[in-house]
Amino acid sequence: MISLHSHGSYTSLAVILALLAASPLRAQSEEGQKRIRELEARLERAEVELAKRRGPTDPTAPTEASTRLGWYERHAAMQAATPHKELRWHFVGPDNVSGRVTDIAVPSPRGRTYTIYAATASGGVWRTENEGTTWEPIFERAASTSIGDLALDPSNPDVLWVGTGEANILRSSMAGCGMFKSEDRGRTFEYRGLGATHTIARVVVHPTDSETIYVAASGHEWTDNPERGVYKTTNGGKTWQRVLFVNERTGAIDLVMHPEDSNVLYAATWQRIRRRWNDPRVEEGYDRSGIWKTTDAGQSWQPINEGLPKAEHRGRIGIDLCRAHPSTLYAFVDCYEEVETGDGTSATDSYGRKTTKTIEGAQIYRSDDDGTTWRRTSKSDNDMRRACSTYGWVFGQVRADPVDADTVYMMGLALNVSNDSGASFRPLRGMHGDHHALWIDPDNPSYLINGNDGGLAISYDGGKHWRASRDTLPAVQFYNVGYDMETPFHVYGSIQDHGSRRGTIHIDADRRSIRGSDWQATAGGEASRHAVDTTSGTLYSEGFYGSIARTDLATGARKSIKPTSRKGEAPLRGQWLAPFLLSPHNPRIVYHGMNHLFRSMDRGDSWTRISPDLSYADATKSGDIPYQTIVAIAESPQIFGQLYVGTDDGRLHRSFDSGRSWDEITTGLAPHRWVACIEASRFAPGTIYVAQNGKRNDDFIAYLWRSTDDGTTWEDISHGIPGGPVNVVREDPKDADVLYVGTDLGVYVSTDGSRTWNVLGNELPSTYVHDLIIHPRDDVLVIATHGRGMYAIDVRPLRAPHADAGDPKIESDHKEH
């Protein structure tokens, strides 16, 4: 029997119906007509069911670049005019962790200057004047502070070009907003176009003509767009011409200019898109990734792929040439040709699944005839396959030594160097992992500056020893923030590629200074939520894809408490940051969200599944990454068991009876938008706030809603917030009229129940505020930013005079305890 829940079955019905209708004999017979009517009825039911499973259509197109830039200008004006400008933001740390550096620009010759510029994935651009001893942010107020590439003008080192939008497109990467130029070493910047590109992989400035610049634009992360390829300006960025274009899914991921002939450039193109259920990869029908060459300054381009893997196996490609021998080029190719894992036995892939096959992954190719032909110089072995694992799409960088044509560097999980053209590699140790940038001094190739997920590192001896800037370049990418009730209290958060950390928050008696200290590792991974049960001294922390554990803070004893699927059922799906919640009525009760909602009455020792699959569960949207999962949970602080659950595919449900029955309350919300946060009011029964995030659709509208009838109807309360995405909404714990919102630009506050919004404080840089908490005892708001660490601010001045008299009166129903 054909299942009407299957997209494939719907297609089969349509095909059968079409064949019957096209058959004259069957169509003319009474039996044939009857059969067609039956199939038409089944097809109609299938269409209804398929639409129900997929949910409403998505009418919202990706946000225009001009709209985003306009939103930022409004944000900046609101920040300057805010009535809360006297409230001060305090950076609280960490002071011993850095973040992902995506590119490095270095004035030459060294010795005359000690300046270095560092581009960070989501913390803007930083400058040091003393070889990394101290750093200062110089690009921190813009529509996007995600940086893809930097370039100094060879004719004038005071001129710095900034290409926004990290091209590595991790799940937490942010869209850029175009090109910016500084003519005064980063003191001021001007916007110079290309705002719709979203990601800029490489910027190349002409060696003698400062008005001519080339840009490799790799395009939107999540949606197709025509603003991809190689762009050129001959008037300093006033206008741009797209000189190399393949299609709306193929952008330029690397670009290098011949050091002796500026009319010769090489470009690498990459056909890719990130799915919500898959990392970027070579998909069926892909064949446009490759290397191109122009000899006439971009007027025409020729593909130069002879000797490279087949087109259908080519993923991301990085290119470079040897300055002293410019006919010698190197290419890093992320090759998707499948191979056995080794001995043919089952192994675990990068996503934790058993498999007997993997992909070739990282391969190094060399050309000695200006790219006319290529030959593979690296081996086909497990060492090369492990160099980037199946994450070549996030690395894909190669550097040729500027003097020795046989020395080449490959960036991946480690920074590797070869002195025999790639035949063998050795790792350079002594720094953080996951490498994305490398500058080699053209006058002294032993002088290296490396950018990785832990910040920036400098070596003066060819990589034998390294000096890191992790303590002075705080581009920390937090995902979230939790707190405890110790005195002084601690904050907890997970950091991209640094695991989880805990810091202590100190508040001076006059509340003029809020400081963080004693940042140290704590339970949880790089993708963890944290909650502390103060009654038992227990820290709960979530890990990748729904794993969850509890830790005894006194002894350090840790226990995994992840729920499991039922026998014979598919494995549970848990998001990268799967949510859990300690019940506000009893901290021994834990809720945990996968594709089903689970509840434990005994601190996670046992679990009960209390919901069906609350996502759309569209079988066509499944892949390597868990998707169609729960991402937000709230329980009414006033009524035990009154639950609200949101999913990453845009569904929202409620239950009034601890999960025995569920009602969908999605109608009125933005279709298919990630439910970023649900906040159930402490003050008003039936009032809930919901934030939705459209980033994964390249939609940056501010989606913020309130319902006063438990989600039956919704009111848009975003008016006054220029743009999104909105990541978090919180109600003040002592004043019902005070609401806080964190967006990709900063923090907004309303002191009149959402009628008006203002920017909170006036000193916070443009930053991605992923989460925030308000400490209920100490009245301090702490934000977790994805790129600038944590900041804190005193919120007492925001409240009405009566609000600090005590905690709000809450009536709880404990019948089910």
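Trainee: Is D663 buried, partly exposed or exposed?

Mentor: Keep in mind that we're looking at a predicted model. Buried would need under 20% relative accessible area and exposed over 50%. D663 has a relative accessible area of 36%, so the label is partly exposed.

Trainee: Which residue does the side chain of D663 meet in a salt bridge?

Mentor: The N to O distance in that salt bridge is 3.6 Å.

Trainee: How many residues apart are E129 and R185?

Mentor: E129 sits in the loop between strand 4 (125-128) and strand 5 (136-139). R185 sits in the loop between strand 8 (179-182) and strand 9 (190-191). The pair links distant parts of the chain, and the separation is 56 residues.

Trainee: Which residues are linked with R730 in a network of salt bridges?

Mentor: Start with the salt bridge between D771 and R730, at 3.0 Å from N to O. D771 lies in strand 56 (residues 769-774) and R730 in strand 52 (residues 726-731), so the pair ties together parts that are 41 residues apart in sequence. D771 is buried, with a relative accessible area of 9%. In the network, R730 is linked with E679, R682, E731 and D771.

Trainee: Is T233 buried or exposed?

Mentor: T233 is found in strand 12 (residues 229-233), and its side chain has a polar contact of 2.8 Å with that of N235. Leaving aside neighbours within four places in sequence, its contacts include E211, I213 and W240. Its relative accessibility is 0%, so T233 counts as buried.

Trainee: Which strand gives the largest share of the lining of the second largest pocket?

Mentor: That pocket holds about 1,400 Å³ of space. Several strands each supply at least two residues of the lining, among them strand 2 (101-105), strand 6 (147-153) and strand 28 (435-440). The largest share is five residues, and it comes from strand 6.

Trainee: How many nonpolar residues does that lining have?

Mentor: The second largest pocket is lined by 41 residues, with V106, L152, P154, R323 and W439 nearest its centre. By class, four are polar and 10 are charged, while the nonpolar residues number 27.

Technical notes: Residues numbered from 1 in each chain as written. Predicted model: local features only at pLDDT ≥ 70, side-chain atom pairs only at ≥ 80, totals over all residues. Heavy atoms only, no water. Helix = DSSP H or I, 4+ residues; strand = E, 2+ residues; numbered from the N terminus. Salt bridge = Lys/Arg side-chain N within 4 Å of Asp/Glu carboxyl O. Buried < 20%, exposed > 50% of the residue type's maximum accessible area, 1.4 Å probe, protein only. Polar contact = N/O pair within 3.5 Å; in protein donor to acceptor, adjacent residues only side chain to side chain. Contact = heavy atoms within 4.5 Å. 1 Å grid on protein atoms, 1.4 Å probe; cavity = no way out; pocket = protein on both sides within 12 Å on 5 of 7 lines; lining within 4 Å. Points joined across faces, edges and corners; volume = space filled by probe spheres on them. Nonpolar A, V, L, I, M, F, W, Y, C, P; charged D, E, K, R; others polar.
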